[in-house]
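Hello,

Here is the structure you asked about, with the sequence.

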Amino acid sequence: MIKKFSLHCIEKVLFFIGIFLLTSEILKQLLLTFVVNNGHYNLWYFPFQFCSLPMYLLVLYPFFHTEPARNTILGFLSTYNLLGGIAVFFDTSGMHYPLLILTVHSYLWHILLIVTGILSGIFLVQKSVPMTPLSCSKNIKRQPTDASSRRLLPYFSRITLLYILFALIAEYLNHILDPFGEINLFYINPDYRMEQIFFVKIGELYGNNSAILVYILATISGAGILYGAWNLMIRFYSSH
């Protein structure tokens with residue numbers, strides 16, 4: 001499967017997924033505001049949750065022209081957001097809305113997170129291992145890759161710093177927007193009890209702040225496992 005994808009093809013698919021996510025999110029916000037909430041905006045649905053990040057990263061990706069920046073985005077999507085897309089299906093209670101179309105949109109959104117994460121990982125494997133994949137365009141040819149230009153995934157520390165940056169932004173938004181309504185971006189607002197599956201028990205036993213800390217560390221650990229899996233795949237293809 002990996003050999004049948006080209007870099008150019010994956011780039012186009014990822015960009016179109018980003019456009020779809022952005023467009024559908026705008027429509028979702030309009031429906032929530034003017035149909036569900038009678039013209040009042042609900043901060044609970046502010047579009048900066050953990051699973052909202054691919055929408056921004058995929059649309060902005062073409063504007064980053066350096067390989068380290070692009071690889072960091074791909075590494076983030078293939079680890080942290082792939083984890084988010086998978087984990088949400090262990091507890092789907094937060095994916096249901098008063099309107100059926102919004103519920104369908106939520107399920108489709110998280111399925112696309114998984115697709116995006118897999119494609120991003122394949123992209124990095126392709127960039128790291130010389131192959132001859134099919135192209136989306138007959139006029140596009142894969143550039144030859146020599147041993148000196150091949151690299152493994154970007155450093156996990158760099159990807160994790162990006163996650164921490166987003167988490168800090170989310171917490172800052174939680175702080176400044178809290179007086180204006182209910183908001184719990186990234187589910188790390190200390191003013192709201194942790195209700196994520198498994199972590200809710202930690203909150204009951206050791207306090208909400210402990211649950212938030214364990215939640216963040218578990219997210220980093222889960223992303224680290226996926227990072228290791230992609231690295232193993234790169235090493236496997238390199239040796240074959």
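Buried here means under 20% relative accessible area, exposed over 50%, and partly exposed in between (1.4 Å probe, protein chains only). The model is predicted: local features need pLDDT of at least 70, side-chain atom pairs count only at pLDDT 80 or more, and totals for chains, interfaces and linings use all residues. Residues are numbered from 1 along each chain as its sequence is written, and side-chain values use heavy atoms, with hydrogens and water left out.

Salt bridges

There are three salt bridges (a side-chain nitrogen of Lys or Arg within 4 Å of a carboxyl oxygen of Asp or Glu).

- Glutamate 11 pairs with arginine 70, with 2.9 Å between the closest N and O atoms. Glutamate 11 is partly exposed at 28% relative accessible area, while arginine 70 is buried at 15%.
- Glutamate 67 pairs with lysine 127, the closest N and O atoms being 2.7 Å apart. Lysine 127 is buried at 17% relative accessibility; glutamate 67, at 38%, is partly exposed.
- Arginine 193 and glutamate 204 meet at 3.8 Å, N to O, and both are exposed.

Pocket

By class, the lining of the largest pocket has 21 nonpolar, 14 polar and five charged residues (Ala, Val, Leu, Ile, Met, Phe, Trp, Tyr, Cys and Pro count as nonpolar, Asp, Glu, Lys and Arg as charged, the others, Gly among them, as polar). A pocket is an open set of points on a 1 Å grid over the protein atoms alone, where a 1.4 Å probe fits, with protein on both sides within 12 Å along at least five of seven lines; lining residues have an atom within 4 Å of a point. Of the 40 lining residues, Cys51, Val88, Tyr187, Gln196 and Tyr215 lie nearest the centre.

Regards
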